[in-house]
Amino acid sequence: MKKVVTGNHAVSYGVKLARAQVIAAYPITPQTQVVELLSEFCASGKLNAKFIKVESEHSAMAACIAASASGARAFTATSAHGLALMHEMLHWAVGARTPVVMANINRAMGPGWSVWTDQNDSLAQRDVGWIQIYCESNQEVLDTTIQAFKIAERVLLPVMLILDAFVLSHTSEPVDIPDQEQVDEFLPPYNLKTKLDVNNPRAYGGLTNPDHYFELRYKIQKAHTEALAVIKEIDEEYKKHFGRQYGLVEPYRCDDAKVILVTSGTITSTARLVIDEMRDEGRKVGLLKYRVFRPTPREILRDILYRAQKVCVIDRNISFGHGGIFAQEIKSVLYGLPASPPVYSFIIGLGGRDVTPKDIREIIEYTYKEETPAEPVIYRGVRL
Amino acid sequence: MKWLEKYKVDLPNLNKESDYPEWAISMTSTLLNRTGSWRTFRPVYENKTPPCSYRCPVHEKIPIYCDYLKRGMIKEAYFTIIENNPFPAITGRVCYHPCELECNRKDYDETLSIHNIERYIGDWGLKQVSVKELRKQSAEKSKGSQQKLKIAIIGSGPAGMTAAFYLACEGHTVTVYERQAKLGGLLRYGIPAYRLPKKILDNEINRLKLLGVNFQTGVSLGKDITLSMLKEKFDYVIIAYGAHKNRALGVPGDDAIGVLSGLEFLAQVNSGRKPKLGKRVLIIGGGNTAIDAARVALRLKRKPVILYRRSRNEMPANPQEVSDCEKEGIKIEFLVAPVKVVTNKKGKVVGLEVVKMKLGKPDASGRRAPVPIPNSNYIINCDTIITAIGEQVDLSIIPDELEKTSWGIAAGEDGQTNLDRVYAIGDCVSGPKTVTEAIAMGRKAAMNIMNKNDVQVFSPYIVKISDLNLSYFSHQPQTKAKELSLSARKGSFKEIHLGFSENESIKEAERCFSCGVCNKCDNCYVFCPDLAVIRDNYEYEIDYDFCKGCGVCAYECPRKAITMIEDSQIIEDNSKE
């Protein structure tokens, strides 16, 4: 059934269809609508889940971890400072191998206070061990939500799906909402092998001495490595059930491209238009949508980007003292390949400033024109 | 190490990757780590005394019967009350409920309407609980067979009725001697029917008869029977003849025609006779008898006015009664005292000379003493004067061999007098007090005769509002009971306060904080972080093998029914085994 829904509500519908059993969340703009609708589903009985009101995001995640460890499918959603407050618990979810699913609505960090979008909140959590998937459209948000539970439960890693504040979270688009039976066929009930059991209590997450800690970390990394194949497999399976798939990354008109632009989130949609325009003009340009950020889809990135002469990367984020985070990732992926293409790094649109087709065109043109980038990091639109 | 074997597991060989668990999970149950050894304080379940029970003369276990009522166990609620008070249908109506003055809820929103709950349960029990059940209940409580005793009780008021009830329930032979033609003492002759319908009293008395109590009416102590006669015939004698002597006004003309005593006036009306009342009726006094007399006069279609020599603050009458009285349209004139009764030539009352008063320094009672204002005398025209300035024990009928006080018979806490096998209880010992205090004394004497312990409060600790965890209670106004409309009260002795319906009484019982008394709310069970609270059929127990003594249970208990005590008993340390 097609419905016009916001990105936030696309998440809620996805969670409902996935039959989440425990939802614990704390409201924060621009995430609030996600749990607002879910709380209504719970209250009206449309979703048979325990909705736990908590006093902070830290507690929200703690509740989800406990629920997940005791065998319940758990979900939460947050944004910016809420995600930052969860930081300790994000490590916990990974260390406890609990397949919690969370939606993070990309919002810039304060101060200065901002509710608008950029990616610094989620990218600051890059190294905690969560799977991170950046979404472009409301349809992708819904589909990714359903996929996320299956991925998480297969590899026992938590999954964060990420959407841009307002540009996606509060923007309505037509979304095909699948039937419950279809989703039930795709996503079996969550079945955890070793559950918390009050009648046979065990120590969970206790002191682990140097004899064992390293091995447990190694197993997390190994799960991440395996997750790449699992995500791909589940994505293909999803296509069989619902006719849609998204890939780890999505190359767009990259085949003979001399310059490939790398984007993530909603900027991708704008970039598609620019690429189409430039292709019409006979320019050999392509676009790579970076979707699954963690685990890093190293091989496929290399396969696509290696063929280009130049690569430009748009970052709506900044690692202070270094530069754009996606650009760093691309550089590290390409490192060591003989005659790998140079990477032009652009930072743009922080704190929700609009990223227009004109901006994107100029970025591609610059990459085309300049032999090498003038600076290691190029800032677009700074009024200083 | 025998207990450890239960948890013995073979530790896996962790050399292979597949042997490793996904995350840091202990290989064995944590039950082998008896964390109770960390404890320095231990929680214990310990009910404490709610202020209502403490203040109640018979120490009714109010939170317990409220809890039974709201759980739909009204029979249990009834038996809980009658353990302390056999006549809840009566006290629910006439007791001035000091419990409600102390209720912790009054500092939160409004006090619990305890008397209406008690009344509902009492009415139910009076209708639904058979004499057989009453006997069975006491038989279960009393241990073994006791020698059956013969007991004489003088006076059938609340004290005598109470003693008779408890003794008869246990199968003792009880004979009650009553001076008046009908039974009930003050309950019948002193309390007007609009406060206590005669039917309720009759039903209670009827039940005493069914329990085997033998009543003899029209028998006066000193005239028809003597103490020595009774001592010969009975194993025990209980004297409970009350305080019914009216205090005289003590001004010139106080014996004129048209001057009536308040208690006598009430007794006449309550026994169905019509006393001669003039048109204009003055009532002198500020106590409950004055209020009752005025309201009865109003119902006899007179226009009564109450005169009281102090101000409203010093009135000994129950404030609720005073306000009801004024609502009905009776005027109370404060700070006037009688000086002289004005009579006509035939010696009949035609007026009362009074003097205005002002309040001076506090007197022995702690209240400010009234002082006459010189030259402020004036005369109020009236035809009848009802005096209600206090009742006294008739000292003249106390047998000589009994020790006396300046106001009545001398008796100890349990009612024992200086004579062996002779008890004295109620107003004839204490001077005029309340119905519930008389019941308390009746019960004490009965228990003492049967060698049983009297009812006790839960503990010496009285729970204050600051002891409660108020986060668990929501504000809820008191449930109001229906009342007879003012117009319907005119000229009628119909009951004024109409009590609660079943739903209202349950709704009100749900407001009870249950101060200090566990009502199985499950908070301790839910909150214990160590799952050390064991719940079995809603009885809780703490597993001290694992209780770390954190105190969360005691903190989260909304009603202070858990106490943390220093732990002197150190459990075996695992490491030593």
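**View 1. Helix H12 of chain B (residues 262-270) is mostly covered, with 7 of its 9 residues buried.** Buried means under 20% relative accessible area with a 1.4 Å probe, protein chains only; helices (H or I, at least four residues) and strands (E, at least two) are DSSP runs numbered from the N terminus. The model is predicted, with pLDDT of at least 70 needed for local features and 80 or more for side-chain atom pairs, while totals for chains, interfaces and linings use all residues. Residues are numbered from 1 along each chain as its sequence is written, chains are lettered from A in the order in which they are written, and side-chain values use heavy atoms, without hydrogens and water. Among the buried residues of H12(B) are Leu263(B), Phe265(B), Leu266(B) and Val269(B).

**View 2. Chain B meets chain A through 15 residues of chain B and 22 residues of chain A.** Contact is counted for heavy atoms within 4.5 Å. About 1700 Å² is buried between the two chains, 62% of it from carbon and sulfur atoms; this is the accessible area (1.4 Å probe) lost on putting the two parts together, summed over both. Tyr20(B), Glu22(B) and Trp23(B) supply 43% of the area that chain B buries against chain A, more than any other three residues.

**View 3. Glu17(B) and Lys222(A) form a side-chain salt bridge at 3.0 Å, N to O.** The rule (a side-chain nitrogen of Lys or Arg within 4 Å of a carboxyl oxygen of Asp or Glu) finds 3 salt bridges across this interface.

**View 4. Strand E9 (residues 202-204) of chain A pairs antiparallel with strand E1 (residues 25-29) of chain B over 2 bridges.** Pairing requires at least two DSSP bridges. Arg202(A) stands opposite Ser29(B) of E1(B).

Key. Buried means under 20% relative accessible area, exposed over 50%, partly exposed in between (1.4 Å probe, protein chains only).
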